[in-house]
Amino acid sequence: GYAERGDYDGKIIIPSYDAEGRLNFFTGRAFYHDDWRQHQLPEWSKNEIVGFEAFINWKMPIVLVEGMFDAIAVKINAIPLFGKTVGETLHQRIIENRVSDIYLALDRDAIRSSTKYVELFLGEGRSVYFVELKDKDPSEIGFERMQDIIHNTHKANFADVMKLRLA
């Protein structure tokens, strides 16, 4: 949606829904470049939210990305982290649903977070794929190219964790 007045005036509004189809979060993103409030978020605890949960098929591989526009660009089973960390509720859903394949497609500046989660998920016995994004984030790369990158990403191992730590 788009807000023409009020607290989110001039913002594109993107909603997220939980597994039962209830609104669990929304974000406001500036439509105009000269808007000094590029991102506008309601008060919330990201530890309690699984972004776009209503659209997630937990039996398929999931793709973890930083923001909602990144998730929209990836489209298929993408979950926005609303930053660089996996919230408690999301981690619990991954465990509860026995997710076996996880793709981490965080921005280049999130190497430390990526390394931490590759190591965590490998330690839990999951197949983890570190999607190396060079200079752009998924929303800049776009759907088709992101799908190519994802499909050509190899499964990570502990040697990859050591390489990431040294990066």
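Strands here are DSSP runs of E with at least two residues, numbered from the N terminus. The views below all come from a predicted model.

**View 1**
Met60 sits in the loop that runs between β4 (39-40) and β5 (62-65). Together with Ile76 and Phe143, Met60 makes up a nonpolar patch on the surface, and the three share about 240 Å² of accessible area. Met60 itself comes out as partly exposed, at a relative accessible area of 37%.

**View 2**
Start with β2 (residues 11-17), which pairs with β1 (residues 2-3) in the antiparallel sense over 2 bridges. Look for Tyr2 here, standing opposite Ile12 in β2. β2 also pairs with β3 (residues 23-30), again in the antiparallel sense, this time over 7 bridges. Tyr17 has Leu23 of β3 as its bridge partner. The two strands β2 and β3 make a hairpin with 5 residues between them, and Gly21 in the turn has a positive phi of about 85°.

**View 3. Charges around Glu20.**
Zooming in on charged side chains, we find Asp18, Glu20 and Arg22 linked in a network of salt bridges. In the Glu20 to Arg22 salt bridge, the closest N and O atoms are 3.1 Å apart. Glu20 is exposed, because its relative accessibility is 58% and the cut-off for exposed is over 50%.

**View 4. Glu66 meets Lys84.**
Here is another salt bridge: Glu66 and Lys84, with their closest N and O atoms 2.9 Å apart. Glu66 belongs to the loop between β5 and α1 (68-74), while Lys84 belongs to the loop between β6 (78-80) and α2 (88-96), so this pair ties together parts that are 18 residues apart in sequence. Which side of the buried cut-off does Glu66 fall on? Glu66 counts as buried, at 10% relative accessibility. Lys84 is partly exposed, at 28%.

**View 5. Arg108 meets Glu132.**
The side chains of Arg108 and Glu132 come together in a salt bridge, at 3.8 Å from N to O. Arg108 is in the loop between β7 (101-104) and α3 (111-123), and Glu132 is in the loop between β8 (127-130) and α4 (138-141); the pair links distant parts of the chain, 24 residues apart. Arg108 is partly exposed, with a relative accessible area of 40%, and Glu132 is also partly exposed, at 39% relative accessibility.

Technical notes:
Residues numbered from 1 in each chain as written. Predicted model: local features only at pLDDT ≥ 70, side-chain atom pairs only at ≥ 80, totals over all residues. Heavy atoms only, no water. Patch = residues over 30% accessible without salt bridge, like charges linked within 9 Å, V, L, I, M, F, W, Y side chains within 5 Å. Areas by Shrake-Rupley, 256 points an atom, 1.4 Å probe, with all protein chains shown as cover. Salt bridge = Lys/Arg side-chain N within 4 Å of Asp/Glu carboxyl O. Helix = DSSP H or I, 4+ residues; strand = E, 2+ residues; numbered from the N terminus. Buried < 20%, exposed > 50% of the residue type's maximum accessible area, 1.4 Å probe, protein only. Pairing = 2+ DSSP bridges.
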